[in-house]
Amino acid sequence: MMKRIYPIYVVFFTFFLLLVYSCENDEKSPEIETKDEEAPLVIVQNLPEIIEVETEIKFQISDDSSIVDTELIVNGQKAATSTTNEISFIINPFDYPTGNLNIEIIAIDGSENETRVNEQIEMKRLLISVPHSNLKDNYYYDNYVMIHSLDGKLIDYQNYTSGQDIIFYGDDETTKENIIASLFTSPTEKNSNNNFAIQTFDEVPVGTILASQSELQLEDNYEYFPDRNQNANLSVISDHLASANGYGYQGYITNTTDLPLRYSSDIANDFFLMINVPTNPISANTQEDYSYLIITDLEKTSYEQSDFLTPSSFYEVEIPDEFKTHIADNYHCTIRGFRNEQDYQNGIYHNMLQIGSAGANIYSDGFYIPIIEEFEIYEKYIRAYIGNYYSVITRQKGLSYKPMPEMNLTYDNQQITTSGNYDHILLRYADYNFEDGLKALKWSYYTKPVSNLNIPFYDIEIPTEIQKKIEMQGLRVKPETTGDFGPGINASLIKLGTKRDYTKRMFQQNNHFNDREWYELQLTLTF
């Protein structure tokens with residue numbers, strides 16, 4: 001029998017029908033469900049080993065399920081829940097005992113798969129941390145940091161050891177209440193002066209970590225005083241006593257011609273302002289007496305009067321009416337020049353003029369300020385007595401006077417009363433001993449705005465070790481409580497150009513002056 005041969009298209013058609021039939025059968029076959037047996041994944045994100053201040057902790061949750069129920073348990077107590085892919089919680093160490101804190105995270109997905117993660121964190125109650133860079137060089141000074149409760153009771157104090165930060169911790173009895181922090185500095189035997197100082201700051205939040213000096217220098221309006229560690233010996237022949245004084249440099253005539261210039265290696269050494277001024281304020285008849293010199297090359301060391309320049313013009317300063325009545329008692333004015341706005345913001349100044357009166361009105365109705373073309377911006381510092389034991393102290397941008405903000409300060413029966421527009425209160429106490437050379441204790445006390453305030457110096461408990469250091473110099477640690485109090489006390493209301501919390505720059509030199517503009521109303525309480 002002969003085999004029958006089918007055309008090739010018949011073979012292809014038959015194969016196609018078989019393929020379609022096979023696919024239809026596959027589509028109709030039942031699906032096999034896969035059970036979710038994969039538990040959620042809990043990811044720990046940068047969990048600290050120690051918590052000293054209020055800290056947020058976070059955990060990421062990863063799972064195929066759309067919803068995962070997560071609980072965060074702290075020391076056996078439910079602290080937080082979440083149905084998202086993240087759970088977080090803020091831990092304040094003052095809410096828990098010091099020592100180990102147990103944290104458990106329980107994550108359960110829709111298939112009842114469960115993951116448990118356990119962690120431990122050490123709890124410490126930080127009160128304050130002071131970087132060693134904020135303290136004075138312990139070659140010349142002993143530094144002590146004290147902390148007190150708000151009622152003045154001593155909590156603890158530490159003596160600074162070179163290169164070590166000062167850190168205070170509380171125990172389980174320590175609460176979240178703000179504290180008082182103080183820095184006491186006393187001169188060592190290597191220091192020629194006998195000036196003791198205490199800087200005290202009220203209402204400091206617990207957990208405060210002060211920025212280091214290098215960090216502060218990156219902030220706006222931080223006035224840093226670089227060490228003048230370089231010398232240039234100049235010879236100056238001039239009509240008056242020439243001087244040079246600015247950011248990071250200083251020099252005065254020591255005899256007829258010698259002017260040793262001390263300057264910092266941290267500043268540019270190609271711009272120093274030397275001024276040659278009369279001793280009296282500049283009047284319309286004495287403008288030609290003012291001359292100046294810009295030193296751009298320290299290789300040149302000899303100068304004569306012919307090297308000095310005359311200002312292009314002068315600006316007439318009128319004395320405000322509020323100062324005129326008592327101008328003979330005390331009026332002081334310093335004018336600074338800045339080469340540009342950046343120098344102004346960085347505090348890189350050059351002193352152009354410094355004048356003052358005491359005992360006589362040498363100003364008449366005003367005086368003149370030189371205009372030097374190298375300076376784009378000017379700044380004035382004014383201190384003026386306005387009567388009844390009040391003084392106005394201010395630093396302002398520009399040459400025209402800006403009126404003081406509205407603020408009021410009175411003192412009666414050992415209580416200070418305040419009102420108006422100001423940022424904080426500054427109280428100062430000073431005692432002096434003139435036997436065997438000048439010895440002094442100067443204590444400044446910063447506090448937040450309040451309507452009524454008692455003089456705080458009496459209430460602060462001073463450690464015996466510090467008290468002995470002061471009293472050995474014949475100085476009184478606290479004002480006398482009888483008579484007129486003896487040593488001098490004054491109170492000031494401070495208004496800053498840019499409002500700033502004083503606790504952020506504690507223990508820095510001239511704390512409230514670290515703003516380009518500020519206003520101070522001062523009242524002398526005792527003499």
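Two residues are in contact when heavy atoms of each lie within 4.5 Å. In this predicted model, residues 24 or more positions apart account for 65% of the contacts in the chain with a separation of 6 or more. The chain has 527 residues, of which 45% are buried, and its secondary structure comprises five helices and 35 strands. Its accessible surface is about 28,200 Å², with 46% belonging to carbon and sulfur atoms.

**Strand pairing**

- Strand β9 (residues 125-130) pairs with β15 in the parallel sense, over two bridges. Within this pairing, S129 stands opposite I209 of β15.
- Strands β29 (residues 407-412) and β30 (residues 415-420) pair in the antiparallel sense over six bridges. M407 has G420 in β30 as its bridge partner.
- The hairpin of β29 and β30 has two residues between the strands, and N413 takes a positive phi near 55° there.

**Salt bridges**

- The count of salt bridges comes to 13. One of them joins the side chains of E379 and R395 at 3.8 Å, N to O. This pair links distant parts of the chain, with E379 in strand β27 (residues 377-387) and R395 in strand β28 (residues 390-397), 16 residues apart.
- E379 also forms a salt bridge with R516, where the closest N and O atoms are 3.0 Å apart. R516 is in the loop between β34 and β35 (518-526), 137 residues from E379 in strand β27.
- Buried residues have under 20% relative accessible area. E379 therefore counts as buried at 2%, R395 is buried at 5%, and R516 is buried at 4%.
- The side chains of K495 and D423 meet in a further salt bridge of 3.6 Å, N to O. K495 lies in strand β34 and D423 in the loop between β30 and β31, so the pair ties together parts that are 72 residues apart in sequence.
- K495 is buried, with a relative accessible area of 18%, and D423 is likewise buried, at 8%.

**Two buried polar residues**

- S492 is found in strand β34 (residues 488-496) and is buried, with a relative accessible area of 0%. Its side chain makes a polar contact of 3.4 Å with the side chain of R428.
- Not counting residues up to four places away in sequence, S492 touches several residues, including L409, H424, I425 and E520.
- N113 is placed in the loop between β7 (99-109) and β8 (114-123) and counts as buried, at 14% relative accessibility.
- N113 and E38 are 75 residues apart in sequence, yet 6.7 Å apart in space, C-alpha to C-alpha. The backbone oxygen of E38 lies 3.4 Å from a polar atom of the N113 side chain.
- Leaving aside neighbours within four places in sequence, the contacts of N113 include D36, E37, E38, A39 and P40.

**A nonpolar surface patch**

- Y432, F434 and L438 form a nonpolar patch on the surface, with about 350 Å² of accessible area together.
- F434 lies in the loop between β31 (424-433) and β32 (439-447) and is exposed, with a relative accessible area of 65%.

Conventions: Residues are numbered from 1 along each chain as its sequence is written. This is a predicted model: local features need pLDDT of at least 70, side-chain atom pairs count only at pLDDT 80 or more; totals for chains, interfaces and linings use all residues. Side-chain values use heavy atoms; hydrogens and water are left out. Two strands pair if DSSP finds at least two bridges between them. Helices (H or I, at least four residues) and strands (E, at least two) are DSSP runs, numbered from the N terminus. Patches are made of residues with over 30% relative accessible area and no salt bridge: like charges are joined within 9 Å, nonpolar side chains (Val, Leu, Ile, Met, Phe, Trp, Tyr) within 5 Å. Accessible areas come from the Shrake-Rupley method with a 1.4 Å probe; for residues, only the protein chains shown count as cover. A salt bridge is a side-chain nitrogen of Lys or Arg within 4 Å of a carboxyl oxygen of Asp or Glu. Buried means under 20% relative accessible area, exposed over 50%, partly exposed in between (1.4 Å probe, protein chains only). A polar contact is a pair of N or O atoms within 3.5 Å; within protein, one must be able to donate a hydrogen and the other to accept it, and residues adjacent in sequence count only if both atoms are side-chain atoms.
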